[in-house]
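Please open the model in your viewer and keep the selection panel at hand. The tour goes from one selection to the next and says what is there.

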Amino acid sequence: MTGLTGAYVPGGSFLHRLPAGAKLAGLALSCTALLLLRSPAALAGAAAVVVLLYAVSGVGVAAAWAQVRPVRWFAVALFCVQLVFADLPAAASSTLRVVLAVALAGLVTLTTRTSALMACLERCLAPVRFAGLDPFRLSLLLSLTLRSVPVMADLVTRVREAQRARGIERSARAFAVPLVVGALRHADALGEALAARGLDD
Amino acid sequence: MTDEQSTPKRSFPAADIARVSVFAALIAVLGLPGALNVFGDAVPITLQTLGVMLAGTILGTWRSALAVMVLLLLVAAGLPLLAGGRGGLGVFTGPTAGFLLGWVPGAAVTGWIVERGGRTPSTARLVTACLVGGVGVVYLCGIPVQALVTGLSLGKTAVLSAVFLPGDLAKAALASLVARGTQRAYPDAVPAVRRERLRAGE
């Protein structure tokens, strides 16, 4: 399994140095502000600010495009629909709003280390300890999930091969049932191993 | 009370940590390209919602919601675990954010309906659970958020979202079939059976 790393681009700009929590709060505030901006002129101003922030962060055009790329077809479709049902200013401003919100969030992703962001989000999840999930269990849960991704990817490959060997490549059931049963077996063995190491004591 | 220290242990044993993390990883892996293409390679269908429904039917209400939350947390932290290698905070400010966040109550509702079925949930119940939780609740969360972000009216957004409805209905049907098959092959995959066994084991 390759590429299981964040999209973080190393750098030394002030955006890189801001704490993760401040960036998340800033993102939440600016996305709310974007929703409140109605006129195309105001949104054009916001677009200029976003471009400036990207320039200051120095992440490069390719990294910026990679963040916005997933919504490109949605943006085109939205523009066309708005053009038909409303007018050009409305189409421009709603498309711009969507692209800007995604670009801003992408900027936080690009300038914050995955570990820093994860630590910050973990703190936000602290209230789950009232459900019996203390901080230790929560971080164990997160790291076990990360470890399980390549294990599950392996399992997918094995089930695919078994399916091919049986000549039923087209059957979705012959893929998913063994996959889920295999995942459960793995999970329950893992649970026993954790219990045997005294996690429940 | 003497239960002071053992309460957290009973409400969240290691067996549950393992299941929740493996299912969160399973949902992530179902989004990998080529995990499953239903009609040859013509229509690549992301199977992550299938994973969400399966988590609901097998883990039950709270554990499935937690599995989805763990996955979304890792995605928010920037890991490319969503279909097509998407990840990062962008997906939570984008137009489909509501659908993504709707996975949490969606999985929970699916699990809740299955849990009401006791030790042997019927196929009809599994289908209902997947349709109501995995499709209904997810759309109920997704459409208003998309309408808010795009500025389109609720009605128009609903019409636009209807494009994905046939695929999601097919996934709900497939999920209930797979859940039924899994629960036959592995009785511990029924939330109620699992709970009884964990209780008996203590």
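Begin with chain A of this predicted model, where the centres of domain 1 and domain 2, taken over C-alpha atoms, are separated by 35 Å. To see the two parts, select residues 14-124 of chain A for domain 1 and 129-196 for domain 2, with bounds that come from an automatic or database domain assignment.

Before moving on, note that residues are numbered from 1 along each chain as its sequence is written, while chains are lettered from A and ligands numbered from 1 in the order in which they are written. Because the model is predicted, local features need pLDDT of at least 70 and side-chain atom pairs count only at pLDDT 80 or more, whereas totals for chains, interfaces and linings use all residues, and side-chain values use heavy atoms, with hydrogens and water left out.

Next, colour chain B by pLDDT (the predictor's confidence in each residue, from 0 to 100); the average for chain B is 84, and 88% of its residues score at least 70. Select residues 1-9 of chain B, where the pLDDT is below 50 and the model has 3 contacts (heavy atoms within 4.5 Å) beyond near neighbours in sequence.

Finally, select B:Val127, which lies in helix H8 of chain B, helices being DSSP runs of H or I with at least four residues, numbered from the N terminus. Is B:Val127 buried, exposed or partly exposed? B:Val127 counts as partly exposed because its relative accessibility is 31%, and that class lies between buried (under 20% relative accessible area) and exposed (over 50%), with a 1.4 Å probe and protein chains only.

Terms used
Helix = DSSP H or I, 4+ residues; strand = E, 2+ residues; numbered from the N terminus.
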